[in-house]
Amino acid sequence: MVALVPQENTVAALVARTGRHLQRYSKGRRQVVGCIPYRYKASKQTPLKDDAQELEVLVISSQKGKGMLFPKGGWEQDESKEGAASRETLEEAGVRGLIGCELGKWSFKSKSHDSDYEGYMFPLLVQEQLDFWPEKNLRQRIWMNVEEAREVCQHWWMKEALDRLVYRLTQQQKHQGPLLESRKENLMART
């Protein structure tokens, strides 16, 4: 008997890439990439604005279960940085979306492997959250507000990336705010 499984909300290959034979290194440092998945949740906390939205980020448990972090992993030779970051986010957190401009590059030492790394982080505006993904049985994923995520994130460099994301999004809202208000006023004047 054959059962048909719908493709929607699943990953075609439920297998994460493994091994380090294609890993990139720079000056002896393993290069890793990751994303800070984010979304906006409607908020009723601010009574002055009807359309106020709260920024939420998605954190995942580490494979060893020793804390929370943002999805990240090795950047392989057959991938772009953005492609690798997107793949790692899909494999570890089960989300897809629009990847933004790089938030930065960090150098850090792995405590568990006693080796040096270069880490690159990107923002990812989540458009799809899958029910099944390659590391579903290995990790938990939790949506949190920025303050909660900053508190539980185990890596200092990921916290810095989160701060950069918040700053970038805040600056965008400041610049787009007057433009959006002007568009709303024009639409209201036409009706």
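What does the accessible surface of the protein come to, and what share of it belongs to carbon and sulfur atoms? I looked this up before anything else. The accessible surface comes to about 12,100 Å², and 52% of it belongs to carbon and sulfur atoms. Accessible areas come from the Shrake-Rupley method with a 1.4 Å probe, and for residues only the protein chains shown count as cover.

**Entry 1. Basis of the model.** I note that this is a predicted model, in which local features need pLDDT of at least 70 and side-chain atom pairs count only at pLDDT 80 or more, whereas totals for chains, interfaces and linings use all residues. Residues are numbered from 1 along each chain as its sequence is written, and side-chain values use heavy atoms, with hydrogens and water left out.

**Entry 2. Overall layout.** I found 3 helices and 9 strands in the protein. Helices (H or I, at least four residues) and strands (E, at least two) are DSSP runs, numbered from the N terminus. Read along the sequence, the pattern is β-β-β-β-β-α-β-β-β-β-α-α. Of the 191 residues, 39% count as buried; buried means under 20% relative accessible area, exposed over 50%, and partly exposed in between (1.4 Å probe, protein chains only). I also checked contacts (heavy atoms within 4.5 Å). Among those between residues at least 6 apart in sequence, 69% join residues at least 24 apart.

**Entry 3. Strand S3 and its partners.** Which strands pair with S3 in the antiparallel sense? Two strands pair if DSSP finds at least two bridges between them. Strand S2 (residues 29-42) pairs with S3 over 5 bridges in the antiparallel sense, and the bridge partner of Tyr40 in S3 is Leu55. Strand S9 (residues 141-145) is joined to S3 by 5 bridges and runs antiparallel to it, with Val59 opposite Ile142. Strand S4 (residues 68-69) pairs with S3 in the antiparallel sense over 2 bridges, with Ile60 opposite Leu69. S3 itself (residues 53-61) is mostly covered, 7 of its 9 residues being buried.

Entry 4. S7 is joined to S8 by 7 bridges, and the two run antiparallel; Phe108 stands opposite Tyr117 in S8.

I then looked at Lys109 in particular. Lys109 counts as partly exposed because its relative accessible area is 48%. Leaving aside neighbours within four places in sequence, Lys109 is in contact with Asp114, Ser115 and Asp116. Lys109 and Arg29 are 80 residues apart in sequence and 9.2 Å apart in space, C-alpha to C-alpha.

**Entry 5. Aromatic pairs.** How many aromatic pairs does the structure hold? I found 5 aromatic pairs. Rings of Phe, Tyr and Trp (its six-membered ring) pair if their centres lie within 6.5 Å; planes under 30 degrees apart count as stacked, over 60 as edge-to-face and the rest as tilted. The ring centres of Tyr38 and Tyr40 are 6.1 Å apart and their planes stand at 90 degrees, so this pair is edge-to-face. Tyr38 is buried, at 10% relative accessible area, whereas Tyr40 is partly exposed at 29%. Trp75 and Tyr120 form an edge-to-face pair, 6.0 Å centre to centre with 80 degrees between the planes. This pair links distant parts of the chain: Trp75 lies in the loop between strand S5 (72-74) and helix H1 (81-93), and Tyr120 lies in strand S8, 45 residues apart from Trp75. Both Trp75 and Tyr120 are buried. Ring pairs also link Trp106, Phe108, Tyr117 and Trp157 into a cluster.

**Entry 6. Around Trp143.** Which residue lies over the face of Trp143? Arg39 does, at 3.9 Å from the ring centre. A charge sits over a ring if NZ of Lys or CZ of Arg is within 6 Å of the ring centre and within 35 degrees of the ring normal.

The side chain of Trp143 is also joined to that of Gln129 by a polar contact of 2.8 Å. A polar contact is a pair of N or O atoms within 3.5 Å; within protein, one must be able to donate a hydrogen and the other to accept it, and residues adjacent in sequence count only if both atoms are side-chain atoms. Gln129 is found in strand S8 (residues 115-129) and counts as partly exposed because its relative accessibility is 33%. Gln129 and Arg96 are 33 residues apart in sequence and 6.6 Å apart in space, C-alpha to C-alpha.
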